[in-house]
Amino acid sequence: MPETVLCVGAVVRKDSRVLLVRQSPAHELAGQWTIPWGRVERGESPFAAASREVVEESRVRAAVEGLVGLQELPPPWLGQIALIYLCRHVEGG
């Protein structure tokens, strides 16, 4: 059984728009559009990870407003669980 890995995703809103990022060529989902997401690093809170992933993937700063939901990821990411957060655009982009 694979080790459970905690991931986060961020639905970043700015007015009536939602931030999407394109997956890099090295990613399994290369070229596809998605919300910013990634793994929670050791010692990092899920809130901090969501904010970090948004900055890393889009250069946008966002404020986490609350939890939208939880998703058990499908293959090939078995064993990964994602917390999806609703965020408000603060600056950038």
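Trainee: Why does Val 18 count as partly exposed?

Mentor: This is a predicted model, where local features need pLDDT of at least 70, side-chain atom pairs count only at pLDDT 80 or more, and totals for chains, interfaces and linings use all residues. Residues are numbered from 1 along each chain as its sequence is written, and side-chain values use heavy atoms, without hydrogens and water. Buried means under 20% relative accessible area, exposed over 50%, partly exposed in between (1.4 Å probe, protein chains only). Val 18 has 45% relative accessibility, so Val 18 is partly exposed.

Trainee: Why is Arg 52 called buried, and why is Glu 56 called exposed?

Mentor: Arg 52 has 17% relative accessibility, so Arg 52 counts as buried. Glu 56 has 52%, so Glu 56 counts as exposed.

Trainee: What makes Arg 52 and Glu 56 a salt bridge?

Mentor: The term asks for a side-chain nitrogen of Lys or Arg within 4 Å of a carboxyl oxygen of Asp or Glu. For Arg 52 and Glu 56, N to O is 3.2 Å. The pair meets the definition.

Trainee: Why are Arg 52 and Glu 56 separated by about one helical turn?

Mentor: Because they are four residues apart in helix H1 (residues 46-58). A helix here is a DSSP run of H or I, at least four residues, numbered from the N terminus.

Trainee: Which residue forms a salt bridge with Arg 52 at 2.9 Å?

Mentor: Glu 53, with 2.9 Å between the closest N and O atoms. Both Glu 53 and Arg 52 are buried.

How values were computed: Helices (H or I, at least four residues) and strands (E, at least two) are DSSP runs, numbered from the N terminus.
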